[in-house]
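Let's take a walk through a protein model, one piece at a time. Have the sequence and the 3D view ready.

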Amino acid sequence: MNSKTVDPKDDASQAVVQLETAMGAAIECFEGASAIVVPRTRFAPVKKCNDLLLLRSDAYVVTDDFRMILNPACGGVAPVMAIDSKKYKLVDKLEAALVGGIPSLVNCKRLTIKGLVRMGKATSFVGDVSVVNTSDEAKFIPAGEIKDTKLDLTDSPGLGALKPCLLYTSPSPRDPKTS
């Protein structure tokens, strides 16, 4: 059972319980059917934005036959991802965080992100890294190597309040003497 909301984009929407039925239990209904075990080395499941970020990073590579496999440089162990599930529950929020591109995760052992951040391809996470931003404003993770550290961006400068506004203009009357 999974507790969810009717509208995944709105945490205040009606709470529901999703019931999942095991496919393994249903297979016995089909005569001659059998199950096979597929090791994780053959696929990279994407259930949450944690998984998507990892799969899109350099921690995975595409083989000549178009399979996604763990980068050999990871030594057979994928980085452990723990990005804020409240802030990055949906793909559009992850996309906003990756406005500058996908950071390097090939040398990362564990990445924990709490709060709103923006990051880019010029950032490389190495070892065990934790990033925290307790403010309500997205903060940029600096470019360069970030290695075995806890980075608190709460008091870092941000973008400020970026609010779209309309600016009405009209043609100015021409002065015949200056035209």
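## The open sheet

First, a term: two strands count as paired if DSSP finds at least two bridges between them. Keep in mind that this is a predicted model.

One spot to look for is alanine 82, whose bridge partner in β6 is threonine 112.

Now zoom out. The open sheet has four strands, in the order β5-β6-β8-β10, with parallel pairing. β5 and β10 (144-152) sit at the edges with a single partner strand each, so one side of each has no neighbour in the sheet. From one strand to the next, the twist averages 20°.

## A serine in β8

Find serine 124 in strand β8 (residues 123-132). Is serine 124 buried or exposed? Serine 124 is buried, because its relative accessible area is 19% and the cut-off for buried is under 20%. Beyond its neighbours within four places in sequence, serine 124 touches Ser104, Gly144, Glu145 and Ile146.

## A mostly covered helix

Next up is helix α2 (residues 49-56), where six of the eight residues are buried. They are Cys49, Asn50, Leu52, Leu53, Leu54 and Leu55. What do the buried residues of α2 pack against? Their partners are β3 (60-62), β4 (68-70), β5 (80-83) and α3 (91-97).

Definitions and conventions
Residues are numbered from 1 along each chain as its sequence is written. This is a predicted model: local features need pLDDT of at least 70, side-chain atom pairs count only at pLDDT 80 or more; totals for chains, interfaces and linings use all residues. Side-chain values use heavy atoms; hydrogens and water are left out. Buried means under 20% relative accessible area, exposed over 50%, partly exposed in between (1.4 Å probe, protein chains only). Helices (H or I, at least four residues) and strands (E, at least two) are DSSP runs, numbered from the N terminus. Contact means heavy atoms within 4.5 Å. Axes are lines fitted to C-alpha atoms, for helices over the stretch in contact, and angles run from 0 to 180 degrees between N-to-C directions.
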